[in-house]
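Thanks for coming. I'll take a few minutes on one model, starting with aromatic rings and then moving to helix packing.

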Amino acid sequence: MGRGSTAYRYVVLMAKPYWKWGQICRALSSSVPPIHKEDKVKRVGIKKILIANRGEIACRVMRTAQKLGVQTVAVYSDADRHAKHVHDADEAVHIGPAPASASYLNASAIVTAALETQAQAIHPGYGFLSESSQFAELCKQKGIIFMGPPSAAIQAMGDKSVAKTMMSAAGVPVVPGYHGEDQSVLLLQAEANRIGYPVLIKATQGGGGKGMRIVHSESEFSESLASAQRESQAAFGDSRVLIEKYVSQPRHIEVQIFGDKHGNVVHLNERDCSVQRRHQKIIEEAPAPHITSEFRQRIGQAAVNAAKAVGYESAGTVEFIVDTLSGDFYFMEMNTRLQVEHPVTEMVTGQDLVEWQIRVASGEVLPLQQDQIKLSGHSFEARIYAENVPKGFLPAAGLLHHYHPPAISSTVRVESGVGKGDAVSVFYDPMIAKLVVWGQDRSAALIKLHDCLTKFQISGLPTNIGFLKTLANHHAFAAGDVDTHFIERFKPDLLPVPLVKQDDAVPQETRVGAALAAAAISTTSSRSKEMGSKGFIWNSELGFRLNHEYSRILHFDWKPEAGDVPLVPLALRVTHGKLGDYTVEGHKLEKICITGKQVESDSHEYRLHVNNKSISLSLVQFHQGGVSHVDLWEGERHHQFTVPMPQFDTSDELSGEHRSSGGQHERNQVQTPGAVIAPMAGRVVKLFADNGIKVKKGDAILVLEAMKMEHVVQAPVEGWVRGCKIEVGQQVSDNTILCHIE
């Protein structure tokens, strides 16, 4: 590295005190004008940061800290002992058992870890203690820098009722509603009636859709209120709610703001987060589509006014609901932390917001003034979740037997805290990764998003990748015609439709996919056992025969995407040719000639020639729950099968009807009449019916809670409850039979 190089100048300059950051910026780029207002605030050269979080956000903070030469300390629970964020940190401290309440929400243990490791600052990430004013105050009392806003700002904005009162006083428009302290059921009911239905019940603390219910009529209010209060209490330790008029056709547009200790506040423009499921964002973009420069200036200034009203410091997001009919926007809430979706803002502004947080926490002024912040191109973020889309996006848990994200580049980021072999736990949020892309414009970014989703491979548990691909390819989304009801509006286009008649409804591309899987499995077997156990061709599993070809039938079970439907059996005859080629045929599948090989002996990649056409594919095999699973990716298609151990079959029958060992338990389970089955792993928090009670179809049987979200399990048929041995507080697994309705 030469003395005149930019890299050398960067290293030398970074070794200088933090208070010279303004000089450093100007030394690296003469085009940067002087920084704005700077008061006499004590600078602190932060050398070590403890990240009071886990997963991808912990890894994200560490990446920037390490870039700046700042040491990092991770904290971890029993469930995260071998997690990526523990491995990536310079130091790691164990803070408790797996439940968040005993570990990542244990403020005392986290502060003790910071003191013991001599960390000067704590970065809270998002979620957990990130919006706890008590935690911020505790850090201050112990002489630790809390890398976020003052506790007073967190407290004010954390109470949505107080926040809306303050915003109204500051001239920021708010939605009509009730934000009072009186939480009696009768008063809340009366306020809802006064506002007029539909109304939105929302927890006064926290966010992320937890403790939120839409109520369409007075008759629904009481039960919806009770459910929202339980969920809010479980998630935030506070059951208080507010009531607001529900805007029927809204967009969710939020503004990234940043403040320093000198009274400076800027905004880094807006993000559109309208596409949501279960009131939680799944895809975000910056800038928001179809807004004018004048609208951007107005909503940005409103966000800055909101931040200044509470003396805000560090990163924050002011969320607005935009009425698509009138074009008006209303303050919804302020998130007093770094948002999950902050990378899209980084991509279009070229700024590292975590670096800004570190420098602001050190007492520096904001790196840029408002007129220096520019927009360039367009960015999308897609959240990859472990969840069962056909079951209403219910969270899932399990092992990542295969994890292969798309290649990283200057225009593609993958933010994740997991890798192959890691588990997605029932104790925490089911997000696996965030895929972030950038393009010169929205169209270019959308093309890149779809391509990267196609290349994102995960096996071992259900994910929303297929759903995200469909969404990204939808004509209305491509046109930017988004609102918070987007998924509901286009549900028939976005969600798979259940099969009517199994065998006839199997798509031809699925039959071809099964044929490719059969050939790839045979290729793998041949490659790994070429010479047999004793080194002779006679002991191998190759198709070599002296006078005839070798043929066998492989059985697969195809699992359709459309939720709780029986597995579809498929049978394929694979004939091994004398020259290493394969012929595959099956019910309603014309004979396919396949040659090719595995790219590398330890690779999942294959290069096959199918009927004189060359294709690339990926195939993964793993065992789980006593069943062999096969996942195949070919082009834009992803096929999932279960399969028994390879077996000889002398039958000539290829009708597809068979009873393989793979998936038989699951097939029987979904066909059990009257069975009440757990749609997800979780804890029973309430029982509505017990043995001997008569219920109607659709009646609530019990409430399951997982990842701080509640789900009501309903009766599938009318009848009497039998065989119920479930108790409140009990943990149940996905697909467990909870009881029967006779």
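Let me start at Y104, which is buried, with a relative accessible area of 0%. Buried here means under 20% relative accessible area, exposed means over 50%, and partly exposed is in between, with a 1.4 Å probe and protein chains only. A word on the source: this is a predicted model, where local features need pLDDT of at least 70, side-chain atom pairs count only at pLDDT 80 or more, and totals for chains, interfaces and linings use all residues. Residues are numbered from 1 along each chain as its sequence is written, and side-chain values use heavy atoms, with hydrogens and water left out.

Overall, the chain has 21 helices and 41 strands. Those are DSSP runs numbered from the N terminus, helices being H or I with at least four residues and strands E with at least two. Of the 742 residues in the chain, 56% are buried.

Back to the ring. Which residue pairs with Y104 in a stacked arrangement? F128 does, at 5.1 Å centre to centre with 25° between the planes. For the terms, rings of Phe, Tyr and Trp (its six-membered ring) pair if their centres lie within 6.5 Å; planes under 30 degrees apart are stacked, over 60 edge-to-face, and the rest tilted. F128 is partly exposed, with a relative accessible area of 24%. The two residues are 24 apart and link distant parts of the chain: Y104 sits in the loop between strand 3 (91–96) and helix 5 (107–116), F128 in the loop between strand 4 (121–123) and helix 6. Y104 and F128 also form one aromatic cluster with F427 and Y428.

The structure holds 14 aromatic pairs. Another of them is F477 with F486, edge-to-face, at 6.1 Å centre to centre and 75° between the planes. F477 counts as buried at 1% relative accessibility, and F486 is buried at 0%. F477 also has the charged end of R442 over its ring, 5.2 Å from the centre. The criterion is NZ of Lys or CZ of Arg within 6 Å of the ring centre and within 35 degrees of the ring normal. R277 lies over the face of Y385 in this way, at 4.4 Å from the ring centre.

Now helix 7. Helix 6 (residues 133–141) and helix 7 (residues 151–158) pack at about 175°, with axes 8 Å apart. That makes helix 6 roughly antiparallel to helix 7. Axes are lines fitted to C-alpha atoms, for helices over the stretch in contact, and angles run from 0 to 180 degrees between N-to-C directions. Under 35 degrees is roughly parallel, over 145 roughly antiparallel, 65 to 115 roughly perpendicular, the rest oblique. In contact (heavy atoms within 4.5 Å) are S133, A136 and E137 of helix 6 with S151, I154 and Q155 of helix 7.

On its other partner, helix 7 comes within 5 Å of helix 8 (residues 160–169), axis to axis, crossing at roughly 100°. That makes helix 7 roughly perpendicular to helix 8. A156, M157 and G158 of helix 7 meet K160, V162, A163, M166 and M167 of helix 8.

How many of the eight residues of helix 7 are buried? Six are, so helix 7 is mostly covered: S151, A153, I154, A156, M157 and G158. Their cover includes helix 6, strand 5 (145–146), helix 8 and strand 16 (329–335).
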